[in-house]
Every structure is written in structure tokens, then in C-alpha cells.
Amino acid sequence: MNVFVPLHTQLHPASFVRSALVVEGNALHSAPVSKKLGRNGVDKVRVADDGVAAIAALRRREWDLVVLDLDLPQSTGLQLIDILADRGSTAAVVLTSARSSRVLQAAASYAGGRGVDVVAAVRRPMELPQLKTILQELAFGPRSIHAPVINEGKGAMDFSTEELRDALRLQQIAPYFQPQHSIQNGTLRGAELLARWHHPDGSVLTPAAFLEAFSEHGLLEALTDYMLASAFECLATDGGPGSRQIAVNVPAVVADSVHWAQSVADRAIAAGVDPARLVIEITEDGGKRCNQALVGAVTQLRLRGFSCAIDDFGSGSSSLERLLQVPFSELKIERGMIAPARTHAHVRSVLASIVAMGKQLVTTVVAEGVEDAADLEMVRALGCQVSQGYLHAKPMSRDAYLDYCARHSC
């Protein structure tokens, strides 16, 4: 059986599931599921055996749990997902289907993108022990990683230009460090530098909350310069072995000329920093129109001794064309490919192809989103050379990173 029960992030009380709707056209499948739900403390269980009954039940009330068969003839599971999304439903959803795991994964991804909380996707017929595991996860574990990520900070249009300038001028934005390790021997390679805004209201914002605002207000280059300055200052003053590297994200729309690349090289000389210790990670933005300028910028950086990575490979529309045109020395696999590769063979196949291609075209392949030992073994088997993720550490302050380095014999 192919069962998908994702890792979670938020605890719920055991009484979370009090009502459940089972949408299933085959009584041989729906009857044991509904009985199992009743025996596990679900007070109200309703079975809808076709699309019309399911739509009526979904519109009549809010359910704690919906077990949803994708293969209904009148209305597919995706149409019912749309109803849940349009109603803003908070139900935990279990998807079932006799179709391939690829179809299940695609449906779960679609539902997550629409804000529906998919807690499991299971090949039909669902076995009762699988249902019991899902109920235990809901009762005592956190909820789905398919739920959309919501920025609790302000939206892009809520920040004024003055507020953003003050964030840089007053150094409210701090560099955080997420370690990177050699997969072969576990040694600390260095870290990726990440921006965290310690906002005056007391919140700590990630780039997802403010990066668009900097772009909207024409301050993306200023933010990039600020982070590059932080990297040079850290490399110049923190000591440690000369081989330890820091990687900095640079939007493709900023790395737009040979002149810009030379300015980075000049700053390295002024700071007394060996360019080989800085990795410029070009993010997937700007589309194809950026590629020609990027060729010149990255080539100049390489000539000046910097390493250059194509970041989050696979997440942008121009990934392959950009990789073929621009002389990158590293390829970073986006974290969004690691999680589904754990349970879906077709994702692992795509990942294996990307790693193989990357190793032919660049020197180093870095895997982001490595969360546990199984992830590490998977990316090692695929041929990645560097790992980054929560298995090693979450992003941390500069002082914490220096302590981390000391513990790892840097």
C-alpha cells in the first residue's frame, strides 16, 4: 500500500475529530472506514456515495475530517476540493484513489495550494491500520505540511519605502546562518547567509514576508548590497579555516552586468577576503530575459575566483536554459523536491536525473531541505556532495553559528 502521512508542525487535542464525512461510492470501502471512525470516538459520521450527496453534505456543515475519494463519476475529488477551498474549510482531508501515486500527489499538491489541509493521501482500498495511524496523527500529532505557508508579518504593500530603508539603515535586518556539511565525511563546509528582519513590532520576519516589498519599492539591490556587506564582514573578522565558505542569495535581476560583478570583486579585495570563500547563489527570478546579462556577470565572478550557484533549481521557468547558458559552479536542489522524493518513486527519478545532470555540468550539487538521516542517505545515494537543512541545524544568529563552528572543529 502507498500511504502518505506527512510530517507536521502543530499539536491538536485528542478530541479534534468529532465529525467526519466519508465520500466514497463503493459501500465495500466506505462501510469499514465509517465503522472504524465511530469506534475511535468520532461522534458523527456521514457517508456520501456520490458527488451530489457529497456537495450537499459539504455545504450543509463544517466537518472535522473528510475522507475523499478522487474517483467519483459525477463530481471528481478535485471539484469537491474546490468547494472546500471556496468555503474556507478547516477540515483535515484524507485523499484516496485507485489511481497512481503521481495522481494522488498532484491532487494533494493542488489542494494544498488552495488552502485545503491534506493530512494523508492513500491508495485505495485504504486499510484500517492506515486509518488508525491517521487518526492518531490528528489526535496527538501536528497537522499537514500541505497547508499553505502564511506570512504572519505584513504584506508587501504594507511596508513604506521609509520603513524598508530604516530596516537597512538601523540594521534591523540581521544575517542568520544555516550550516552546510559535506555529505561524504560530515565536515562543516560553511553556511548560507539568510536575512531575518527584527521588526520594531517585536516580530522576526523571514524574506517571504518582506522580499516582495523591497522589490516593489526598488530596494532589492540595496538589500543585496547589505547582505553582501554582512558576508564580507563575517568572513573578514570571524576567523576559522580559510576554506570555510558563506553563500549569499543574489537575485538574477541584480546580477545584471559585468560591471556589477566586478564591483563585488572590488569589495572582496577591499575587505581582504579570498573570493573563493564566497558563493554567489543566483535565485530563480527574472525569467529568460535575465539570462544574457547573467552570463556576463557570472562569467566575470568566476574569472575573479568566486563560486556561483544556481539556487533552487527546478523552481523557476528558466532553470534548464539558465543552467545551460551560465557557467555556474554549483547547483542547489530546492527543498521542495526532497520531501516528496521520500515517498514517491517518480520524484526520486526526477531528482536522480537532476543530480546526474548537475554533476556533469557543475562541480558541486547541494541538497537543501535535508531533515533527517533518511534524507541524508537518499541524497548521498543520488550523488549530492553537500547537504543543508534541519538535520544539521535551523538558521541561527552569528554568535550561535560561531559556537556551532567551534563544536564542529572548524
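1. A crossover counts as right-handed if, with the strands pointing away from the viewer, the path from the first strand over the helix to the second runs clockwise. By this criterion strand E10 (residues 245-251), helix H9 (residues 258-271) and strand E11 form a right-handed β-α-β unit. Helices (H or I, at least four residues) and strands (E, at least two) are DSSP runs, numbered from the N terminus.

2. The model is predicted, with local features requiring pLDDT of at least 70 and side-chain atom pairs pLDDT 80 or more, whereas totals for chains, interfaces and linings use all residues. Residues are numbered from 1 along each chain as its sequence is written, and side-chain values use heavy atoms, leaving out hydrogens and water.

3. Strands pair if DSSP finds at least two bridges between them. E10 and E11 run parallel and are joined by six bridges, with Val250 opposite Ile282 in E11. E11 also pairs in the parallel sense with strand E12 (residues 307-313), over four bridges; here Glu281 stands opposite Ala309.

4. In E11 (residues 278-283), six of six residues are buried (under 20% relative accessible area, with exposed over 50% and partly exposed in between; 1.4 Å probe, protein chains only). Leu278, Ile280 and Ile282 are buried on one side, and Val279, Glu281 and Thr283 on the other.

5. A nonpolar core is a set of buried Ala, Val, Leu, Ile, Met, Phe, Trp, Tyr and Cys residues joined through side-chain atoms within 4.5 Å. The largest has 76 residues, of which Ile173 and Phe328 touch the most other members. Helix H8 (residues 220-237) contributes the most to this core, with nine residues. A separate core of 26 residues includes Trp63, Val66, Ala108 and Val116.

6. The structure holds five aromatic pairs. Rings of Phe, Tyr and Trp (its six-membered ring) pair if their centres lie within 6.5 Å; planes under 30 degrees apart count as stacked, over 60 as edge-to-face and the rest as tilted. The Trp197 and Phe210 rings have centres 5.7 Å apart and planes at 80°, so this pair is edge-to-face. Since Trp197 lies in strand E8 (residues 188-198) and Phe210 in helix H7 (residues 207-216), the pair ties together parts that are 13 residues apart in sequence. Trp197 and Phe214 are likewise edge-to-face, at 6.5 Å centre to centre and 65° between the planes. Phe159, Trp197, Phe210 and Phe214 form one aromatic cluster.
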